[in-house]
Amino acid sequence: MTETVAPGPTQEQAALLARVRRMMLIAGLTTALAVAAVLIAVGYRLYRGEGSAPAASTDVAATLPKSARIVSTGVAGDRLVVTLDIGGTTEIRTFDAKTLKPAGRLKFVSEP
C-alpha cells in the first residue's frame, strides 16, 4: 500500500487557520456568556424573595360604614376591586390580592 502524505500548511494557510480558530473562540465565548445571562435571569425570576401567597389562611376584616352595601367585586391584575354603595354615593376600594392590604380608594360624588 502506498500512503499519501499531505504536505504541511503554508504560512498563509497557517495564518488563516489561526484567524478562524480565534474567531471561533470569540463566538463560542460570546454564546456561553449569553446562555449564562439567560440562565441567571431565569433563576432570578424563579427564586427571588417575593414567593407566593402564604400557605396558612389569612383572616382579614375590612370595616365598612353602616349604610354601605357591596355592589360588585372583581380582580384587576394583582388587585382585588370592591365597589360599594354608601348612602347613594359610589366608592371603589382596591386591595392587594396577595396580602389583602388596602391599596387605594376612589370616591364618586354628585355635584350639587
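## Nonpolar patch

V38, V42, L46 and Y47 make a nonpolar surface patch of about 470 Å². Patches take residues with over 30% relative accessible area and no salt bridge; like charges are joined within 9 Å, and nonpolar side chains (Val, Leu, Ile, Met, Phe, Trp, Tyr) within 5 Å. Accessible areas come from the Shrake-Rupley method with a 1.4 Å probe, and for residues only the protein chains shown count as cover.

L46 belongs to helix α1 (residues 11-47). Helices (H or I, at least four residues) and strands (E, at least two) are DSSP runs, numbered from the N terminus. L46 is exposed, at 60% relative accessibility. Here buried means under 20% relative accessible area, exposed over 50%, and partly exposed in between (1.4 Å probe, protein chains only).

## Basis of the model

The model is predicted: local features need pLDDT of at least 70, side-chain atom pairs count only at pLDDT 80 or more, and totals for chains, interfaces and linings use all residues. Residues are numbered from 1 along each chain as its sequence is written, and side-chain values use heavy atoms, with hydrogens and water left out.

## T83 in strand β2

T83 sits in strand β2 (residues 79-86). T83 is buried, with a relative accessible area of 16%. Leaving aside residues up to four places away in sequence, T83 touches R69, I70, V71, S72, T90, E91 and I92. Contact means heavy atoms within 4.5 Å.

Side chains of opposite charge can pair when their charged atoms come close. The structure holds 4 salt bridges, each a side-chain nitrogen of Lys or Arg within 4 Å of a carboxyl oxygen of Asp or Glu.

One of them joins R79 and D96, at 3.2 Å from N to O. R79 lies in strand β2 and D96 in strand β3 (residues 89-96), so the pair ties together parts 17 residues apart in sequence. R79 is partly exposed, with a relative accessible area of 32%. D96 is buried, at 18%.

E91 forms a salt bridge with R93, the closest N and O atoms being 2.6 Å apart. R93 is buried at 10% relative accessibility. E91 is buried at 3%.

R105 also forms a salt bridge with E91, with the closest N and O atoms 3.2 Å apart. This pair links distant parts of the chain: R105 is in strand β4 (residues 102-108) and E91 in strand β3, 14 residues apart. R105 counts as exposed, at 58% relative accessibility. Through shared partners, salt bridges join E91, R93 and R105 into one network.
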